[in-house]
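Dear colleague,

Please find the structure below, together with its sequence.

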Amino acid sequence: MANPRLRDQKPTQWGAPRQGHIIATVRGRPRGFSLAREGLFNPNNTPTWLEMGARWDIFCKVIDNLGDIGVAWRLARMLAAEHGLEVRLWVDDLAALERIWPSASAIEPVQRVSGVEVRHWRTPFPSTEPGDVVIETFQCALPESYLVRMAARSPAPRWINLDYLSAESWVSGCHKLPSPHPRLPLTKYFYFPGFDATTGGLLRERDLDEERSTFLGDRDGLACYWAQHGLAMPQDGELRVSMFCYPEAPAAELLQAWSLGTVRITALMPEGPAADRLRASLGWSAGTHAWIERGSARLRIVPFTDQSRFDRLLWACDLNFVRGEDSFVRAQWAQRPLVWNIYPQAENAHWIKLHAFLDRFTAGLGDADAQAIRQLWRAWNGIARPAELARAWEDFVARREVIARHTEHWARELVRVNELAAGLVEFCGDIGKYAVD
Ligand code: TRH
């Protein structure tokens, strides 16, 4: 059935030509390289795939929570909006997309949202012409029929697996590694996000910093923002905190520590399983929007918002508790102190990942400040004993100004590292040039 949202859309948007880049890199081509086969030699002046503005297919399986779709959707929007590419996002759980982007519909199998064609990924998979670039997010395993069609194309689509974010050092060695398909004439390349120039970097919208500065520079706008949360502008000495975490995080214990402390805390916690667990452990039956007050602390459960509004929450708060992958990155772009609740893995494999990030993040800080961050993050993730949480919080909050300056500096340095979407576009252009017969 024709989808009314798609009817008036142009079938293809043409992206910016990247000819100059191609010519510059062809010189060092390896043995077996074929200009004609790669569609780069262009005697008839017909457009090459890069000149045409390639069509990109992104595949996303929602395993749990919202990080899979959070990353896939951000990448899809950026490729369409900032690189002029024609992007189709195949996602198996439209409701997850609707949660982080309510203008998407949980029931429309084909829809156009924010310049992206969104398709419900169902089984059996429809017969469709593969894109020029195929992004498999988090090794979600492409449909077999689609792989066969990819193999039948000449040249074959550029095929990338966009992997999970990690600060571990092995990432540099695996970034951009090719992996031939066991049966089909296809090669998948592994693309790893990361925190230095030897990795794929992080997703960061071009206008992000400007938007953030405008938001924070507009006092009336900020007052309006807080009023929407039922709050006046923050008072001197008060800390505004956002708390997005997994249900296992010791939120009730932290609230207890806050309530006994000298710093006034106002916390906003997005609704979801962690908020439900906190409610249950406090025997608190009030719904979203109600305040719970305990000593120096008050906490309110707030509605889930879209990704852009979530950014504003992070920008507005003085301290952000975040989790998973995408919100963790966004908290860094917010340039505010953060506490990461890492996605738990079997046999505590995530502890290694957490420490790898902590090592990078705290490098350059004095021992006591670094220790304050480490201890709070460890206690929040169940590595240190829960009894250590209150002490860790006290140390952290006492050093909050140094930590705030450090986080700002960290974020400014991180901006220099590759931007993931732009790097991916460039890499996909390069793959063809280095293919070997
Ligand atoms: O939801 P997450 O925990 O995601 C994951 C998944 O568990 C996944 O399986 C795992 O592999 C990955 O983490 C590492 O956390 P994350 O990544 O922060 O995703 C949450 C998304 O939700 C993010 O895009 C921000 C968005 N969001 C909103 O749009 N509005 C909101 O109000 C909030 C709180 C979040």
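Leaving aside its neighbours within four places in sequence, which residues is Met243 in contact with? They are Ala251, Leu254, Trp258, Leu268, Met269, Pro270, Leu299, Phe321 and Trp380, where contact means heavy atoms within 4.5 Å.

Please note that this is a predicted model, in which local features need pLDDT of at least 70 and side-chain atom pairs count only at pLDDT 80 or more, while totals for chains, interfaces and linings use all residues. Residues are numbered from 1 along each chain as its sequence is written, and side-chain values use heavy atoms, with hydrogens and water left out.

Nonpolar cores

Met243 is also among the residues with the most contacts inside the largest nonpolar core, together with Trp258, Leu299, Trp377 and Trp393. This core has 76 residues; a nonpolar core is a set of buried Ala, Val, Leu, Ile, Met, Phe, Trp, Tyr and Cys residues joined through side-chain atoms within 4.5 Å, and buried means under 20% relative accessible area (1.4 Å probe, protein chains only). Helix H14 (residues 367-380) gives the largest share of this core, six residues; helices are DSSP runs (H or I, at least four residues) numbered from the N terminus. Because domain 1 (4-204 + 417-430) and domain 2 (208-414) both give residues to this core, it lies between them; the domain bounds come from an automatic or database domain assignment. A second, separate core of 43 residues includes Leu79, Leu85, Leu94 and Val118.

The largest pocket

The largest pocket holds about 1,000 Å³ of space. On a 1 Å grid over the protein atoms alone, a pocket is an open set of points with protein on both sides within 12 Å along at least five of seven lines, whereas a cavity is a set where a 1.4 Å probe fits but cannot get out; lining residues have an atom within 4 Å of a point. A volume is the space filled by probe spheres set on the points. Of the 49 lining residues, Phe244, Phe310, Arg323, Asp326 and Ser327 are the closest to the centre of the pocket. Both domain 1 and domain 2 give residues to this lining, so the pocket lies between them.

Cavities

There are two cavities of 30 Å³ or more. The largest cavity has a volume of about 100 Å³, and Asp326 is one of its lining residues, as are Val71, Glu325 and Leu420. The second largest cavity, of about 40 Å³, is lined by Arg204, Leu208, Asp209, Trp333, Gln335 and Val415.

Yours sincerely

How values were computed. Buried < 20%, exposed > 50% of the residue type's maximum accessible area, 1.4 Å probe, protein only. Helix = DSSP H or I, 4+ residues; strand = E, 2+ residues; numbered from the N terminus.
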